[in-house]
Amino acid sequence: MSEITRRNLLKGAAVGAASMGVMGVLSACSSGGSTASAASSAEASASASASAASSAASSAAAEAMAEFEMVIDDPKKASNFNIITDEAEHHGPTSTTDDTLANLNSAMAGETGANAKYTAFSKVAKDKGFERIAALFEATAKAEDIHRHLEEEVAQKLDPAAKLPESPSVDPYETDCNLIAGARGEIYETSDMYPTYIKKAMEEAEAESDATRKAALEEAVKVFTRAKLAEAYHAKWYMDAYTTIDTPTKESYWLCSTCGFIHKGAKPAKCPICGVNTFEEY
Ligand SMILES: [Fe+2]
Ligand SMILES: [Fe+2]
């Protein structure tokens, strides 16, 4: 890990750009004309294009380096070169298609785990001085809390004994990896878990003859759908925070306390997912 620094990566990028320059020279030479004068003219033009390519490459590399060095001139201060070693841990609960009640219980477990994770991640971010990232984790922890309680409410309509699991204990990483772990979980939920659950709940609602159970299954479709849409925004802000970890935002995050949607910037007029204005500022 220690050998990977932003400066080394930039050196790599500069070497890459320089080899592109050499490739340009070789290809220009290989397409030289057949007469001496043509060859010599081709050589001259190859040499001119070589020098242009090389100078373009080195100026592009210099520009790329300058851009990064404006942000951070000491690689020891860079905050996004840590490594997540245990890949399996952050993919969330396994999708089930048993039935909607099982899916609600699985979603409640996933959201409870996410709430515990983000609460722990928020503390790490705060301790390390990432004040806005701590606020983002705090807002998303609250969003997952909203989701798990909405899911519990529906689950109890299908099974009065349904209840939320205990919160798991969490072993957080450094903040850069916490953001990536969070984004991976959110992307899994929005692109795999919730779509699977929504489809199953729609099928069951369609086939259900009991009016009360049908209404509960339709409510499950709505709760899963709103959560699915909110998780995509969570993933977006985690990736945004990751890419700007060394140039942090000063802007506020706005949590919709009805559905868990999160926005960064000015307070939105209304939630694009659930249509209300119940925003909390973080
Ligand atoms: Fe989320
Ligand atoms: Fe909302």
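What follows is a chat about this predicted model.

Q: So what's the chain built from?
A: There are 6 helices and 3 strands. From the N terminus on, the order is α-α-α-α-α-α-β-β-β.

Q: And how much of the chain counts as buried?
A: Of the 282 residues, 41% count as buried. Residues 24 or more positions apart account for 75% of the contacts with a separation of 6 or more.

Q: Let's do the metals. What coordinates the iron ion (ligand 1)?
A: The donors are E144 (OE), E186 (OE), E186 (OE), E231 (OE) and H234 (ND1), at 1.9 to 2.5 Å. Along the sequence the donor residues are spaced E-x41-E-x44-E-x2-H.

Q: Where do E144 and E186 sit?
A: E144 is in helix α4 (residues 131-158) and E186 in helix α5 (residues 175-207), so the pair ties together parts that are 42 residues apart in sequence.

Q: Are those two buried or exposed?
A: E144 is at 0% relative accessibility, so it counts as buried. E186 is also at 0% and counts as buried.

Q: OK, what about the iron ion (ligand 2), what are its donors?
A: That one is coordinated by C256 (SG), C259 (SG), C271 (SG) and C274 (SG), at 2.2 to 2.3 Å. The spacing along the chain is C-x2-C-x11-C-x2-C. C271 and C274 are both buried.

Q: What's the geometry around the iron ion (ligand 2)?
A: The arrangement is tetrahedral, because the 4 donor atoms subtend angles of 100 to 118 degrees. The cut-off for that label is that all angles lie between 85 and 135 degrees.

Q: Switching to the sheet. In what order do the strands come?
A: The 3 strands form an open sheet in the order β2-β1-β3, and the pairing is antiparallel. β2 (262-264) and β3 stand at the edges with a single partner strand each, so one side of each is left without a neighbour in the sheet. On average, neighbouring strands are turned by 25 degrees against each other, direction ignored.

Q: How many bridges are there between β1 and β3?
A: Strand β1 (residues 253-256) pairs with β3 in the antiparallel sense over 3 bridges. C256 has F279 as its bridge partner in β3, and L255 has E280.

Q: Which way do the β1 side chains point?
A: Y253 and L255 point one way, W254 and C256 the other way, and all are buried.

Q: New topic: how many salt bridges does the structure hold?
A: It holds 9. Among them is the one between K142 and E280, at 3.3 Å, N to O. That pair links distant parts of the chain, with K142 in helix α4 and E280 in strand β3 (residues 279-281), 138 residues apart.

Q: How accessible are the partners in that one?
A: K142 is at 28% relative accessibility and counts as partly exposed. E280 is partly exposed as well, with a relative accessible area of 27%. E280 is also the β3 bridge partner of L255.

Q: What does R148 form a salt bridge with?
A: With D145, the closest N and O atoms being 2.8 Å apart. R148 and D145 are 3 residues apart in helix α4, so about one helical turn separates them. R148 is at 12% relative accessibility, which means it counts as buried.

Q: And R132, which side chain does it meet?
A: R132 meets E131 in a salt bridge, 3.1 Å from N to O. R132 is buried, with a relative accessible area of 13%, while E131 is partly exposed, with 49%.

How values were computed:
Residues numbered from 1 in each chain as written. Chains lettered and ligands numbered in written order. Predicted model: local features only at pLDDT ≥ 70, side-chain atom pairs only at ≥ 80, totals over all residues. Heavy atoms only, no water. Donors = N, O, S within 2.8 Å, 3.2 Å for Na, K, Ca; no water. Helix = DSSP H or I, 4+ residues; strand = E, 2+ residues; numbered from the N terminus. Buried < 20%, exposed > 50% of the residue type's maximum accessible area, 1.4 Å probe, protein only. Salt bridge = Lys/Arg side-chain N within 4 Å of Asp/Glu carboxyl O. Tetrahedral: all angles 85-135°; square planar, octahedral: opposite > 155°, others 65-115°. Pairing = 2+ DSSP bridges. Axes fitted to C-alpha atoms, helices over the stretch in contact; angles between N-to-C directions. Contact = heavy atoms within 4.5 Å.
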